Amino acid sequence: MSKHLILRAVGAAAAAVIVGAAVVSAGSTGENTSEARARLTMIVPADPGGGWDLVARESQNAYRGGDIVANTQVVNVPGAGGTIGLAQAIRLEGRANTLMVTGTVMIGGIVVNQSSHTLNDVTPIARLADDYEVVVVPADSPYEDMSDLAAALREDPGSVAIGGGSLGGTDHLLAAMIGRDVGTDPQEINYIPFAGGSQALTSLLSHSIDVGISGYNEFSDQVSAGNVRILGVSANERVEGIDAPTLAEQDIDAVLPNWRGVMAPPGITDEERAELTAIVTEMRATPEWQDTLERNRWDDTFQTGPEFEEFLGSEIDRITTVTEELGLA
Amino acid sequence: MDALNHLLTGFSHALTPENLLWALLGVLLGTAVGVLPGLGSSMAVALLLPITFQLDPTSAFIMLAAVYYGGLFGDSTAAILMNTPGQSSAIATTIEGYKMARRGRAPQALATAAIGAFIGAILSTSLVAFFSPAIIGLALRFGPAEYFALAVFAFIATSAVVSQSMVRGLVALGIGLSISLVGIDSLSGAERFTLGIPQLFEGFSIITITVALLAIGEVLHVAARAHTDDGHESMLRRSGTPWLSLADLRRTLPAWLRGTVFGVPFGVIPSGGSEIPTFLAFGTEKKLAERRARRGGRENEFGKGAIEGVAAPESAGSATAGTAMGALLGLGLPTSGTAAIMLAAFQQYGMQPGPLLFERNGDLVWALLASLFIASVMLLILNLPFAPLWARLLLIPKPYLYAGITVFSVLGVYAASSAMTDLWFMLLLGLVGFMMRRYDIPLAPVLIAVILGPVAESELRRALAVGQGDVTVLFGSAISVGLYAVLLLGGVIVAVNRIRARRRATATVPGSKAGAAS
């Protein structure tokens, strides 16, 4: 037994050493640095593998590559549309070395889960990047453009099965905004939630659903392979690298950036907030992060301070209204 | 053969000393997290993700895939020795595996599991290497209606696992379905049985449920009888040789192959993909054993530690990994948590799994497929000789052993959620598990209901929503009609057999009411 246990332990230890070495190798930051530069914790209020998790792990890589933070760790606190993670961040009041990843989805999540905590309870630091949603149909779909889809929705909204991610998430919100704009009650939209965009994609390819909505990355390969077509993009102007018109171009007023940003716990001092802002700003300038933006086709919509706060305030109002119109509140 | 050439080129890339080292590291780490309940391969892959940035993509994916396969080999170890499945794909293995361990056949059970996992992995990886377009075609024929048909099929087919008593089995199914209902309904947003506790909005995690019912329940059960009963001491003794005998092999070989057949098609299915086939394989083996016993063949050992009950679910579980990799590479469809994180890893390298991946990144894909074979062989070499050594864990005196199981369980549940509330849920469900043991209510149906219930429910409602409430959508494709037809046929055969048996019984023993509650 002992021999075997030792072997297993060696395996585990080897892995731990690698993890440790990778982390420590970046740990050559100078003296008299802030706590956050020595050790930064990123709370991801979702499971590993999702969009927020990707933001955290990509920026973890940039913090290390740019020698900005000695030791960054990512903690996943999934659940309840991100509000469990939000509650945890709020409990860490005054902890100036913690950042929580957030974004459009959390605003909807707060409404859907009737959370007693909101984004007003944490300290805004920065908006990092935007991602856009696309509306797609199978290659052989009768809908050639958004006006075909709009006509079908006006005639009988129930007959168009629209699939996307979870209830109250960006995919669902965009479906509702399109419905509202073409003059259909958002609650009449036949939205079928799936665990994620790729699950919706298989149902789209098997012709179980008629329309799919998700981030462009979920569909990009099937688009290049010619299996699905993009009807519209939720950006306000054409996105580089996506060969498709925007919804706005087709007279559908549904601009929905899926933004991702970071927030700090409440109760930190102004100096601490400025330091965290500086750290994130340095991170954004690293070649690693620029590479991340390019690879994921994220829009660099970096904002901090009052600018970000203003954006945040208007987004909270806008998204909350749409979510309530959907009857999810 | 084009695919064979590609694969051989893949082997030439994968067999470099450096890549072999990454594969070895991956299988070691995967086995380690697989053994520990709560720590799954998905968590290990997520932790490794930032590190793999520093590697070239081929090495990185070889390591990540090795972790994935390692987890499927490791998950049965704790299942057999401690009644605690390391991952949910080992739940079915637990049922007979732990009983084998208690009969002193832990080494054989461990060896059976390791070889089963190997056979499942190798066969399904070969299928993916040579027939991936067909497998992808299969995945694309499935929509909500077909998934629902499949879930119904699995529900009824696994009812074989339901115990002798129909009533107790149904009670257990009811408990499982109630547990699975807790949380926010994903299709309507309605809260169900959450008592307003935010931690319950996502429902109970499958890790908490399995660890609580199987491990904590067992610990409480043993502790409650510590002074009255010494029956468990038998597990400390080992009987016979630690190796599989020829007789064992004759029983396990067909079971391994049957299990693989169940596992292969399910790898491409997103929810319950790795658990459903393990239960189907288990149910089939149990039915076959019953039939053999009825026909005067070998005695039916199910309920007392049948080796087929370990062999089939293990090969089924790891067979899903191969086809899951196929779905991930060829379709960009992540069918498991681990696959979802590997998808993110592909995107980190600027690659998008999907129909064009084989053309655009052919070198990497074939090296990855080749390394899956290599990882499987490594895992077999690693796991087989250690089976008897692992089994010696059971030589630890009972109080220490069960204390150790409790510690591992608590650590595992905490590691999975990093929330104290989950530990309270674990204790609560552990008490439920204890009461179920006391009143002789079987545990397997609870776990089947927890896994299949939500799949069946959400797919049914999705299918009906797409069809705007029209029930005929459920019978709209050859796949769903075929599945229902097989079920109907099976039902008729069972009914006819039962009537015949009853007639025979009444003929031989006039006036007696035979087979009342079978």
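Predicted model: local features only at pLDDT ≥ 70, side-chain atom pairs only at ≥ 80, totals over all residues.

1. What links the two domains of chain B is a contact of nine residues from domain 1 of chain B with five residues from domain 2 of chain B. On the domain 1 side of this contact in chain B, seven residues are nonpolar, one is polar and one is charged.

2. Chain A is also assigned two domains: domain 1 takes in 35-130 + 258-325, and domain 2 covers 132-250. Here the C-alpha centres of domain 1 of chain A and domain 2 of chain A lie 27 Å apart.

3. Between the domains of chain A, 15 residues of domain 1 are in contact with 15 residues of domain 2. On the domain 1 side, the elements giving two or more residues are α5 (104-112) and α12 (305-325) of chain A. α5(A) contributes the most to that side, with six residues. By class, the domain 1 side in chain A has five nonpolar, seven polar and three charged residues.

4. Within chain B, one helix pair can be described in detail. Helix α4 (residues 57-82) of chain B packs against helix α5 (residues 91-102) of chain B at an angle of about 50°, and their axes are 6 Å apart. α4(B) and α5(B) are therefore oblique to each other. The crossing of α4(B) past α5(B) is right-handed.

5. Which residues make up the contact of α4(B) with α5(B)? From α4(B) come S76(B), A79(B), I80(B) and L81(B); from α5(B) they meet T93(B), T94(B), G97(B), Y98(B), M100(B) and A101(B). Six residues of this contact are nonpolar and four are polar, with no charged residues.

6. Between the chains, 49 residues of chain B are in contact with 54 residues of chain A. On the chain B side, two or more residues come from each of α2 (17-35), α3 (41-52), α13 (337-348), α16 (387-391) and α19 (444-466) of chain B. α3(B) gives the most to this side, with six residues. The chain B side divides into 31 nonpolar, 14 polar and four charged residues.

Methods: Residues numbered from 1 in each chain as written. Chains lettered and ligands numbered in written order. Contact = placed C-beta atoms within 7 Å. Nonpolar A, V, L, I, M, F, W, Y, C, P; charged D, E, K, R; others polar. Axes fitted to C-alpha atoms, helices over the stretch in contact; angles between N-to-C directions. Helix = DSSP H or I, 4+ residues; strand = E, 2+ residues; numbered from the N terminus. Parallel < 35°, antiparallel > 145°, perpendicular 65-115°, else oblique. Left-handed = near helix turned anticlockwise from the far one by under 90°. Domains from an automatic or database assignment.
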